[in-house]
Amino acid sequence: PLEDGGDEADCLPENLREAAIECGVYFSDTNVVDNFNNAGEPDVIVTKEFTTAKPVFGKMNAINYRGLAMTLEQHNPLLFPFATAQVTAFTAPIEEDDEEPPQAIGSNAVLAAGLQTRIGSRMAFIGSTEVFGDDTTDANKEFS
């Protein structure tokens, strides 16, 4: 699937997707794409949009990201984005003949998010397995 150019959605088990929905996190069905802010391929986007909370990221320049975007439940004060896509990004199938509308557009396409539960435990969601992989370590060393 991923090795053949598939989406991260192919690797996300349904039970994890359902658990995320229970927390107010909705993963897209297709990878996030950006035709203007990318690392040479439209589905390897470059973002500089990070949370302003310095204890979370400190000072970061940019990360390369290939994976799913998320949208977050709007009225949950315990759920917040760590990193979002640039304003030119959107979720879309790689195949050009598919005419599904985007599920997330611009900064509404969340790449990494955190949740603090009511009992104080914390969870993190990220829609990419590649962001922590060896292939992207040099580009994302500040993130990983």
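The pLDDT is the predictor's confidence in each residue, on a scale from 0 to 100. In this predicted model, the chain has a mean pLDDT of 79, and 74% of its residues reach 70 or more. Residues are numbered from 1 along each chain as its sequence is written, and side-chain values use heavy atoms, with hydrogens and water left out.

Helices (DSSP runs of H or I, at least four residues) and strands (runs of E, at least two) are numbered from the N terminus. By this count the chain holds 2 helices and 9 strands, arranged along the sequence as α-β-β-β-α-β-β-β-β-β-β. Where pLDDT is low, the predicted coordinates should not be read in detail.

Turning to the chain as a whole, 42% of its 144 residues count as buried (under 20% relative accessible area; exposed is over 50% and partly exposed in between, with a 1.4 Å probe and protein chains only). The accessible surface, from the Shrake-Rupley method with a 1.4 Å probe, comes to about 8,600 Å². Carbon and sulfur atoms contribute 50% of that surface. With contact taken as heavy atoms within 4.5 Å, residues 24 or more positions apart supply 64% of the contacts with a separation of 6 or more.

Strands are taken to pair if DSSP finds at least two bridges between them. S1 pairs with S5 in the antiparallel sense over 4 bridges, and here Asn31 stands opposite Leu68 in S5. S1 also runs antiparallel to strand S7 (residues 89-91), to which 3 bridges join it; in this pairing Val32 faces Thr91 in S7.

A search of the whole structure for aromatic pairs returned 1. The rings of Phe80 and Phe82 have centres 5.2 Å apart and planes at 80°, so the pair is edge-to-face (rings of Phe, Tyr and Trp, the last by its six-membered ring, pair if their centres lie within 6.5 Å; planes under 30 degrees apart count as stacked, over 60 as edge-to-face and the rest as tilted). Phe80 is partly exposed, at 33% relative accessible area, whereas Phe82, at 17%, counts as buried.
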